[in-house]
Amino acid sequence: MAGSSHGHGHTPAAWTGVIISFIGFCVAGAFMVMAQPIGFWAGMVLILGGAVVGGIMRAMGLGAKQAPLKMSGAPLTTREPAGVES
């Protein structure tokens with residue numbers, strides 16, 4: 001859906017949450033390969049921390065504004081059934 005203009009994820013809250021979670025993913029992956037469970041779980045905490053920080057920032061108003069989606073194109077239903085004659 002490259003043509004959608006809903007602004008999905010283009011907010012400071014989304015970027016911050018994803019960046020923190022990505023860093024946590026990298027930390028957890030590196031420590032998993034090094035067989036260090038403490039570092040792995042620290043990375044997992046960072047991943048969850050990214051979600052919490054993103055949620056807090058969204059609550060502070062830095063997330064996307066909730067607006068109803070507009071329907072484009074023809075309506076899904078018609079007023080009369082297909083077999084009705086006028």
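Student: In this predicted model, does Ala-35 count as buried or exposed?
Tutor: The relative accessibility of Ala-35 is 59%. The cut-off for exposed is over 50%. Because 59% passes that cut-off, Ala-35 counts as exposed.

Student: Where does Ala-35 lie, and what is its phi near?
Tutor: Ala-35 belongs to the loop between α1 and α2. Most residues other than glycine have a negative phi. Ala-35 is a residue other than glycine with a positive value, and its phi is near 60°.

Student: How many helices and how many strands does the protein have?
Tutor: Helix α1 covers residues 12-33, and helix α2 covers residues 37-62. The count for the protein is zero strands and two helices.

Student: What span does α2 reach from its first C-alpha to its last?
Tutor: Helix α2 has 26 residues. At 1.5 Å a residue, the expected value is 38 Å. The span in the model is close to that, at 35 Å.

Student: Which residues of α2 are buried, and which helix is among what covers them?
Tutor: Buried means under 20% relative accessible area. In α2 the buried residues are Gly-39, Gly-43, Gly-50, Gly-54 and Met-57. What covers these buried residues includes α1.

Student: Which residues does Ser-21 contact, leaving aside its neighbours within four places in sequence?
Tutor: Ser-21 is found in helix α1. A polar atom of its side chain lies 3.2 Å from the backbone oxygen of Ile-47. With those neighbours left aside, the contacts of Ser-21 are Leu-46, Ile-47, Gly-50 and Ala-51.

Student: How far apart in space are Gly-49 and Gly-24, C-alpha to C-alpha?
Tutor: Gly-49 is a residue of helix α2, and it counts as partly exposed because its relative accessibility is 24%. In sequence, Gly-49 and Gly-24 are 25 residues apart. In space, their C-alpha atoms are separated by 8.6 Å.

Student: What is the distance in space between Met-60 and Ala-13, C-alpha to C-alpha?
Tutor: Met-60 has its place in helix α2. With 61% relative accessibility, Met-60 counts as exposed. Met-60 and Ala-13 are 47 residues apart in sequence, and their C-alpha to C-alpha distance is 9.1 Å.

Student: Does Thr-11 count as buried or exposed?
Tutor: Thr-11 sits in the segment before α1. Not counting residues up to four places away in sequence, it touches Leu-62, Gly-63 and Ala-64. The relative accessible area of Thr-11 is 12%, so Thr-11 is buried.

Student: Which helix gives the nonpolar patch its largest share?
Tutor: The patch lies on the surface and is formed by Trp-15, Ile-19, Phe-22, Ile-23, Phe-25 and Leu-46. Together these residues have about 650 Å² of accessible area. One of them, Phe-25, is exposed because its relative accessible area is 56%. The largest share of the patch is five residues, and these come from α1.

Student: What percentage of the residues in the protein is buried?
Tutor: The accessible surface of the protein comes to about 7,300 Å², and carbon and sulfur atoms hold 71% of it. The protein has 86 residues, and the buried ones make up 14%.

Student: Among contacts between residues at least 6 apart in sequence, what percentage joins residues at least 24 apart?
Tutor: Contact means heavy atoms within 4.5 Å. Starting from contacts between residues at least 6 apart in sequence, the part that joins residues at least 24 apart is 57%.

Notes:
Residues are numbered from 1 along each chain as its sequence is written. This is a predicted model: local features need pLDDT of at least 70, side-chain atom pairs count only at pLDDT 80 or more; totals for chains, interfaces and linings use all residues. Side-chain values use heavy atoms; hydrogens and water are left out. Helices (H or I, at least four residues) and strands (E, at least two) are DSSP runs, numbered from the N terminus. Buried means under 20% relative accessible area, exposed over 50%, partly exposed in between (1.4 Å probe, protein chains only). Accessible areas come from the Shrake-Rupley method with a 1.4 Å probe; for residues, only the protein chains shown count as cover. A polar contact is a pair of N or O atoms within 3.5 Å; within protein, one must be able to donate a hydrogen and the other to accept it, and residues adjacent in sequence count only if both atoms are side-chain atoms. Patches are made of residues with over 30% relative accessible area and no salt bridge: like charges are joined within 9 Å, nonpolar side chains (Val, Leu, Ile, Met, Phe, Trp, Tyr) within 5 Å. A salt bridge is a side-chain nitrogen of Lys or Arg within 4 Å of a carboxyl oxygen of Asp or Glu. The expected span of a helix is 1.5 Å times one less than its number of residues.
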